[in-house]
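This report walks through one protein chain, part by part. Have the sequence and the model at hand as you read.

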Amino acid sequence: MDSLIPFTTSGSLVDCVDRKMLVVLRDGRKLQGVLRSYDQFANLVLEDTVERIYYRDFFAEAWKGLFLIRGENVVLLGEVDLDKEDDVPLRQVPWEELLPYHRQEIAAKKKREEVKAQVLFEQKGFCKEGGEGDGY
């Protein structure tokens, strides 16, 4: 029975504990921190967490500390390779300097998604995001 643990949803996280992880959330935020704990629902506890935003070949970080993430909000979870982390050709800038560009990028993406949803609704009959029957 123990041989089946890696094939369960949260059982595969055993090897990730005490390692630096990158987590991408449903709302698009990207967090990096040390995975300290998780449960059967893949709820995660990250320690020494920073939120990163990117624009072109720049990035900025905001300190978040201890961070609890509901498993249903996780889109992607991956280990950060500490040996290659410094080889990434990105330049760090202050958060305040990059934030306006990041917000502008988010607004443009939201507009594109609204146009796409409208086309899918009009031409293919798909319901709009958050529409009737879309809740869970």
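Predicted model: local features only at pLDDT ≥ 70, side-chain atom pairs only at ≥ 80, totals over all residues.

## Overall layout

The protein chain holds six strands and one helix. Read from the N terminus, the order is β-β-β-β-β-β-α.

The protein chain has 136 residues, and 26% of them are buried. Its exposed surface comes to about 10200 Å². Carbon and sulfur atoms supply 53% of that area. Contacts also reach along the chain. Among those between residues at least 6 apart in sequence, 48% join residues at least 24 apart.

## Helix 1

Which of its residues are buried? W95, L98, L99 and H102 are buried in helix 1. The cover over the buried residues of helix 1 includes strand 3 and strand 4.

Just after helix 1 comes G125. G125 takes a positive phi of about 80°.

## The nonpolar cores

How many residues make up the largest nonpolar core? The count is 11 residues in all. The members are L13, C16, M21, V23, L25, L31, L35, L44, L46, F67 and I69. Strand 1 (20-25), strand 2, strand 3 and strand 4 each supply at least two residues of this core. Strand 1 gives the most, with three residues.

Neighbours within four places in sequence are left aside here. I69 is then in contact with V23, L25, L31, A42, N43, L44, L46 and V74. Another core lies apart from the largest one. This other core has eight residues, among them I53, W95, L98 and L99. W95, L98 and L99 are also among the buried residues of helix 1.

## Salt bridges

The model has nine salt bridges. One of them joins E47 and R36, with the closest N and O atoms 2.6 Å apart. E47 lies in strand 3 (residues 44-55) and R36 in strand 2 (residues 30-38), so the pair ties together parts that are 11 residues apart in sequence.

Strand 3 takes part in another pair. The side chains of E51 and K64 meet in a salt bridge, at 3.4 Å from N to O. E51 is in strand 3 and K64 is in strand 4 (residues 58-69), 13 residues apart. This pair links distant parts of the chain. E51 is at 9% relative accessibility, so E51 falls under the 20% limit and counts as buried. K64 is partly exposed, with a relative accessible area of 35%.

R52 and E61 form a further salt bridge, and their closest N and O atoms are 2.8 Å apart. R52 counts as buried at 14% relative accessibility. E61 is partly exposed, with a relative accessible area of 28%. Some salt bridges share partners. In this way D18, R36 and E47 are joined into one network.

## Positive phi angles

D48 is found in strand 3. D48 counts as partly exposed, at 44% relative accessibility.

R56 is another residue other than glycine with a positive phi, near 50°. R56 is found in the loop between strand 3 and strand 4. R56 has a relative accessible area of 68%, so R56 passes the 50% limit and is exposed.

Key. Residues numbered from 1 in each chain as written. Heavy atoms only, no water. Salt bridge = Lys/Arg side-chain N within 4 Å of Asp/Glu carboxyl O. Helix = DSSP H or I, 4+ residues; strand = E, 2+ residues; numbered from the N terminus. Buried < 20%, exposed > 50% of the residue type's maximum accessible area, 1.4 Å probe, protein only. Contact = heavy atoms within 4.5 Å. Areas by Shrake-Rupley, 256 points an atom, 1.4 Å probe, with all protein chains shown as cover. Core = buried A, V, L, I, M, F, W, Y, C linked by side-chain atoms within 4.5 Å.
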